[in-house]
Amino acid sequence: MLNHRLINPPREPEKFVKAAITFLQKYAKDKKVFCALSGGIDSSATYLLLKEANINTIPVFIDHGLMRIIRGVEERENIKKLFPEVMVVDIRDKFLPKIFGEEDAEVKRKLFKDAYSDTISKVIKEEKCDLLSDGTILPDIEESFGVKISDLKETMSLKEEISLKNKNIRGFVKSQHNLDIEYDVEATVQPVASLTKPEVRKVLEYFKMPNELVYRKAFPGPALSARIIGPVTSENLKFEKKVHDIVESTVDDYYTEKFGKPMIINDKGEQEPFQAFAATTTDVLLRKVTGMINGQRTYEVPLSIKGEWDFEKLVHFSSQIKGYARILYELYESHEGIYDVIIRSINSIDARTASVTNLPIDLIEEIKYKLLEIPDTKNIYFDITPKPPATIEYV
Ligand code: XMP
């Protein structure tokens with residue numbers, strides 16, 4: 001199998017789209033292309049480019065049951081609204097029992113990777129697709145290969161790539177689910193491989209997509225399992241979906257009211273907020289969560305602090321931590337309820353580093369009161385740790 005990536009295209013959206021059309025027609029003209037839509041901006045832009053290039057494409061959404069709910073609407077409904085022609089493949093009954101109870105972060109990632117690749121292979125076979133197109137973007141490639149995109153050629157074989165990856169093993173940060181899988185297709189086509197997230201958003205704006213998609217917050221491949229610390233159960237999944245929606249929508253509303261859109265580019269060039277979400281678990285202070293030291297992932301317990309809310313001081317303190325993966329500012333302590341909730345909102349350029357969003361304390365308090373309306377909420381924290389030394393997600 002070959003991988004074709006559009007390398008070093010022009011950055012201005014109109015010129016980029018033209019270059020992407022030429023690229024897609026070069027490799028995918030008269031072929032049938034499988035394209036997985038995840039609900040995120042990268043795969044949406046990929047699909048729109050395929051449509052613009054008049055490529056015969058099968059858009060597929062895999063519903064594994066761990067996608068977020070946005071304003072009470074499940075992701076599969078959101079995606080059907082945006083792309084009514086999407087084929088929804090429902091694997092919930094098969095996938096959820098496999099992941100329930102699994103504790104290990106890399107095993108959770110592997111389960112997703114396997115579920116995606118099995119489902120994709122099945123549809124590719126049934127639909128007799130020749131090619132696969134996906135929304136791999138620049139940071140995905142650089143984190144998984146440990147090399148710069150400029151070290152890749154437009155067309156490479158999987159074998160060539162694996163040997164390149166093995167040579168750069170120290171640059172590896174984490175396994176991305178959409179790289180290094182061999183499908184029964186002639187090749188993959190990756191039109192947005194050289195783009196950063198803000199550049200992908202510009203492409204979506206060029207296609208006049210609604211703000212809710214253009215400014216959609218990044219969401220990890222392993223979905224809510226990256227935000228449920230420890231084993232996923234049907235109960236904590238239901239809870240996580242509710243609290244996640246509260247945090248993401250309330251932060252969205254605040255930005256939309258203040259700036260007319262749910263995300264801005266701040267004076268550091270970061271997308272603000274890049275991600276806003278809730279993580280959950282029982283007894284978070286006893287759980288090992290991920291951190292990042294010298295580019296390597298670490299697993300340590302978090303430390304909780306309380307007291308006066310002084311954003312700058314708290315973030316400065318958290319950026320110096322040693323021996324803990326992150327610092328959680330305690331907003332509410334309870335002896336009742338089941339699940340601790342951690343509110344996380346970060347700004348970032350490309351997810352490789354992140355700063356904590358300076359949300360007004362009144363907004364954080366508003367989120368806290370909304371969370372307390374959900375039965376089973378126990379302690380509530382706000383994560384005040386930048387990346388590094390923390391990671392964005394918890395597993
Ligand atoms: P971390 O937690 O490593 O996250 O600071 C960096 C960015 O990557 C997303 N993320 C993932 N995306 N597969 C993915 O496709 C994964 O296994 C994965 N883990 C984290 C995360 O949401 C953030 O944007």
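1. In this predicted model, a network of salt bridges links Asp63, Arg76, Glu77, Lys80, Asp90 and Arg92. Within it, arginine 76 and glutamate 77 form a salt bridge whose closest N and O atoms are 3.7 Å apart; arginine 76 is buried, with a relative accessible area of 19%, whereas glutamate 77, at 36%, is partly exposed.

2. The search of the whole structure finds 34 salt bridges, including one between glutamate 142 and arginine 352, with closest N and O atoms 2.9 Å apart. This pair links distant parts of the chain, 210 residues apart, since glutamate 142 belongs to helix H6 and arginine 352 to the loop between strands E16 and E17. Glutamate 142 is buried at 10% relative accessibility, while arginine 352 is partly exposed at 27%.

3. Aspartate 383 and arginine 326 also form a salt bridge, with 2.8 Å between the closest N and O atoms. Because aspartate 383 lies in strand E18 and arginine 326 in the loop between helix H11 and strand E15, the pair ties together parts that are 57 residues apart in sequence. Both aspartate 383 and arginine 326 are buried.

4. The largest nonpolar core has 71 residues, of which Phe16, Leu49, Leu66, Phe83 and Met209 touch the most other members; helix H1 supplies the largest share, eight residues. A second, separate core of 31 residues includes Ile305, Trp309, Phe311 and Tyr329.

5. Strands E12 and E13 pair in the antiparallel sense over five bridges, with threonine 290 having tyrosine 299 in E13 as its bridge partner. The two strands form a hairpin with two residues between them, and asparagine 294 in the turn has a positive phi of about 50°.

Key. Residues numbered from 1 in each chain as written. Predicted model: local features only at pLDDT ≥ 70, side-chain atom pairs only at ≥ 80, totals over all residues. Heavy atoms only, no water. Core = buried A, V, L, I, M, F, W, Y, C linked by side-chain atoms within 4.5 Å. Buried < 20%, exposed > 50% of the residue type's maximum accessible area, 1.4 Å probe, protein only. Helix = DSSP H or I, 4+ residues; strand = E, 2+ residues; numbered from the N terminus. Pairing = 2+ DSSP bridges. Salt bridge = Lys/Arg side-chain N within 4 Å of Asp/Glu carboxyl O.
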